[in-house]
Structure formats: C-alpha cells, structure tokens
Amino acid sequence: SYPVDSLNGYIVSDQALYNRYLSQSPEEVEHHSVFPPELFPELQPLSLNPEDVTIETASRFIHIETDEDRKWYQNTGDLRFPGKNRGAAIFKCSYPEDITTMQAALYLLENYDQPDFFALCLKGLDAVQHQYLPHYYHQRHTDILNPDEIRLLKDIVPEYYKFMDGILGRFLNALD
C-alpha cells in the first residue's frame, strides 16, 4: 500500500506508522504513506513500537512467571537487532504492528465519515504462526526446540487468535 494513491476517502499505508522507525528517510515515508497527508500528525501518536510492549502485556501471550523469564523477555531483541536472543522477537514486532494498525483504523472510523469500503491488514497472526506453531505442537519437535522456550512460548498461537478475535469484535462494534 506504499506509496498511497489519492482517493475519495483515506488510506494509511503499512509504512506509515509502525514501520516508520525502520525507515532511513522518515520525512519521505510520512509524505507518501497517508492520504490525505494531513492525517499523519493525528495518527502518529497511536503508533506502538517493540520497546513499548510491557512484560504485563506480553504475559498474556508468553508464560512469563519468574524473574528469569522476565530477564529472558527483556533481553530478547526485536527484528532490528540481529544476533541477540530472538525467542520473542517475532512477537515483539508483530504485536505492536497490529496494535498500531488497529488503533489508527479505529481512530479513523470514530473521527471521520465511514467509507463505503473499509479494509485493513493485520499481519501479526501470520508471522506468529510461522514462528511459534512448532512450540504449540512441541511434542512433535522436542529434538529441535529448547525446553525453556517451549514452556514460555507454547501458547502464543492460541492466545494470538483470541487477541485477533477481540480486534474483530472491536471493528464490528465500530462499523455502521
């Protein structure tokens, strides 16, 4: 969806808010990522980044129960930092991207005329399933998975489905 086209309504590219922190040229991304461009300053505060995801929030998805678990989560890098512990890296990037997309879309639906056509792309579930489904089916993968990470990550996929279901409910309530 980047760069955005002019249209009768509004469009927010996947490059607009969450991915802006990865950009080497934020001004160019800002200029070409939202139509009308005047919406960008309104939407920008709705962006959540990986470092904004608290341990309390992550605990809904990851079994963070001990101080060692907390340390493991805090020391997990996100996708910007190769080489660090990456056990929760996909989650740390997928969750805030989906939250950012949801918040921006709900903001637009609540503060502007609802369009005749409305669509959004929440990419987190796909990434989460690719990365963590083996942890859910850990009995099949004990030879390749770390037992500590199995304990921590085994329920991410079903919890993410519940999270997505909640998002869907919010949109059903927000749409005319």
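Helix axes are lines fitted to C-alpha atoms over the stretch in contact, and the angle between two of them runs from 0 to 180 degrees between N-to-C directions. The model discussed here is predicted.

Q: Are α6 and α8 roughly parallel or roughly antiparallel to each other?
A: The axes of α6 and α8 come within 8 Å and cross at roughly 150°. Angles over 145 degrees count as roughly antiparallel, whereas those under 35 degrees count as roughly parallel. The two helices, α6 and α8, are therefore roughly antiparallel.

Q: How many nonpolar residues are in the contact of α6 with α8?
A: On the α6 side the contact is made by Gly124, Leu125, Val128, Gln129, Tyr132, Leu133 and Tyr136, and on the α8 side by Ile156, Val157, Pro158, Tyr160, Tyr161 and Met164. Divided by class, these residues include two polar and no charged ones, and the number of nonpolar residues is eleven.

Q: How are α5 and α8 oriented, roughly parallel or roughly antiparallel?
A: The axes of α5 and α8 lie 10 Å apart, and the helices pack at an angle of about 5°. Because angles under 35 degrees count as roughly parallel, the orientation of α5 to α8 is roughly parallel.

Q: How many charged residues does the contact of α5 with α8 have?
A: From α5, the residues Phe91, Ser94, Tyr95, Asp98, Ile99, Met102, Ala105, Leu106 and Leu109 take part, and they meet Ile156, Tyr160, Phe163, Met164, Ile167, Arg170, Phe171 and Ala174 in α8. By class, 14 of the contact residues are nonpolar and one is polar, while the number of charged residues is two.

Q: Which residues does Phe91 touch, not counting residues up to four places away in sequence?
A: Leaving out residues up to four places away in sequence, Phe91 touches Val53, Ala58, Phe61, Ile62, Tyr73, Pro96, Tyr132, Ile156 and Tyr160.

Q: Is Thr100 buried or exposed?
A: Thr100 is found in helix α5, and its contacts, not counting residues up to four places away in sequence, are with Leu17, Tyr18, Leu46, Ser47 and Leu48. The C-alpha atoms of Thr100 and Gln44 are separated by 9.3 Å, although these residues are 56 residues apart along the chain. With a relative accessible area of 2%, Thr100 is buried.

Q: Which residues are linked with Glu97 in a network of salt bridges?
A: The whole structure holds five salt bridges, and the one between Lys123 and Glu97 is among them. The residues linked with Glu97 in a network are Asp14 and Lys123.

Q: About how many helical turns separate Asp67 and Arg70?
A: Asp67 and Arg70 form a salt bridge whose closest N and O atoms are 3.3 Å apart. Asp67 counts as exposed at 60% relative accessibility, whereas Arg70 is partly exposed at 32%. Because these residues are three residues apart in helix α4, their separation is about one helical turn.

Q: In which helix do Lys162 and Glu159 lie?
A: The side chains of Lys162 and Glu159 meet in a salt bridge, with a distance of 3.1 Å from N to O. The two are three residues apart, about one turn of the helix, and both lie in α8.

Conventions. Residues are numbered from 1 along each chain as its sequence is written. This is a predicted model: local features need pLDDT of at least 70, side-chain atom pairs count only at pLDDT 80 or more; totals for chains, interfaces and linings use all residues. Side-chain values use heavy atoms; hydrogens and water are left out. Contact means heavy atoms within 4.5 Å. Helices (H or I, at least four residues) and strands (E, at least two) are DSSP runs, numbered from the N terminus. Angles under 35 degrees count as roughly parallel, over 145 as roughly antiparallel, 65 to 115 as roughly perpendicular and the rest as oblique. Ala, Val, Leu, Ile, Met, Phe, Trp, Tyr, Cys and Pro count as nonpolar, Asp, Glu, Lys and Arg as charged, and the others, Gly among them, as polar. A salt bridge is a side-chain nitrogen of Lys or Arg within 4 Å of a carboxyl oxygen of Asp or Glu. Buried means under 20% relative accessible area, exposed over 50%, partly exposed in between (1.4 Å probe, protein chains only).
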